[in-house]
Amino acid sequence: MALSTTVSNFLLITFSTYTFASDERIVGGNNAKEGEYPYQVSLRQRGFHTCGGSLIKENWVLTAAHCVSGLQPDNMYLMAGSIRLNSGGEKLDVKKIVVHPKWSSSNISDDIALIKLKSPVTFNSKIRAIGLPEEDTEPGTDLILTGWGKTSVKHPGKPPNDLQMIRLISISNEECTTKESNVPAVRPSNICTFTKAGEGACHGDSGGPLVRGDYQVGVVSWGIPCARGKPDVFTRVYYYLDWIKKNIEHDNNIKE
């Protein structure tokens, strides 16, 4: 996927690799337990994990625009229901990709997209949707990030075979802007997290869910990879609730 210089420098971009590292973790994170985060999905191209995503309905997945912009449904598929990249899970074919119309790769704005599945999934103990937020997220909120992103800043690094989780804390956009400095603007449509150097998202976590309890509040968008003492920046889901709901409702009203 072609990305601008700005995006490639700052985004928590996707990765392609042929080996797994069962002994390494998302930077500062821990292995998730089977069925612990049943909404998490893996976006795949040519059989390899590229981004994360989350089931928000039985036939809709939420992810980042930079993960799917320029792709056709036949170019990708999803895996759900397994915490391991190399085994288990259910393959989900893609019917339609809806990228936010104002998505900009040059300034990394409106980095959000929806994926409609060809067939609805059947929910069970390992596959289930995450709720959309009913209120905005305040600074100082405890959050959980999950994903299969790189577990080390070393290049090229390796993705963990097991899904990783990490507990993060939201910070104000003002504090986020101060800590980031000289990078793409932090907007009201973003939410930031920061704990300490050595903890955070990395390449391959893009598009994945940032969650508070039973609700998804963020989508991994960009940052200065990986866990180098700078905040991680997410798309703020609450900001896009109307866009998400209108697209799903509009699609449901279309007769096929």
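Predicted model: local features only at pLDDT ≥ 70, side-chain atom pairs only at ≥ 80, totals over all residues.

Analyst: Six strands close into it, in the order 2-3-4-7-6-5. Their pairing is antiparallel. From one strand to the next, the twist averages 45°. In general, strands of a sheet pair through backbone hydrogen bonds, and the pairing can be parallel or antiparallel.

Now pick out two neighbours in that order. Strand 3 pairs with strand 4 (residues 60-63) in the antiparallel sense, over three bridges. Look for Leu55: its bridge partner in strand 4 is Val61. Helix 4 (residues 241-252) packs on the sheet. This helix touches strand 3, strand 4, strand 6 (90-99) and strand 7 (113-117). The direction of helix 4 makes about 30° with that of strand 7.

Stay with strand 3, but turn to its cysteine. Cys51 forms a disulfide with Cys67, and their sulfur atoms lie 2.1 Å apart. A disulfide is a covalent bond between the sulfur atoms of two cysteines. Which parts of the chain does this pair link? Cys51 sits in strand 3 (residues 48-57), while Cys67 sits in helix 2 (residues 65-68). The two cysteines are 16 residues apart. About the S-S bond of Cys51 and Cys67 the angle is -85°, and the link is left-handed.

Are these cysteines buried or exposed? A residue counts as buried under 20% relative accessible area. Cys51 has 0% relative accessibility, so Cys51 is buried. Cys67 has a relative accessible area of 1%, so Cys67 is buried too.

The structure holds two disulfides. The other one joins Cys176 to Cys192, with 2.1 Å from S to S. Cys176 lies in helix 3 (residues 173-180), and Cys192 lies in strand 10 (residues 190-193). The pair therefore ties together parts that are 16 residues apart in sequence. Why is this disulfide called left-handed? The torsion about the S-S bond of Cys176 and Cys192 is about -75°, so the disulfide is left-handed. Cys176 counts as buried because its relative accessibility is 0%. Cys192 is buried as well, because its relative accessible area is 0%.

Finally, step back to the whole protein. Its secondary structure comes to four helices and 13 strands. Buried residues make up 57% of its 256 residues. Take the contacts between residues at least 6 apart in sequence: 73% of them join residues at least 24 apart. The protein exposes about 11400 Å², and carbon and sulfur atoms supply 45% of that area.

Conventions
Residues numbered from 1 in each chain as written. Heavy atoms only, no water. Disulfide = S-S within 2.5 Å. Buried < 20%, exposed > 50% of the residue type's maximum accessible area, 1.4 Å probe, protein only. Contact = heavy atoms within 4.5 Å. Areas by Shrake-Rupley, 256 points an atom, 1.4 Å probe, with all protein chains shown as cover. Pairing = 2+ DSSP bridges. Axes fitted to C-alpha atoms, helices over the stretch in contact; angles between N-to-C directions.
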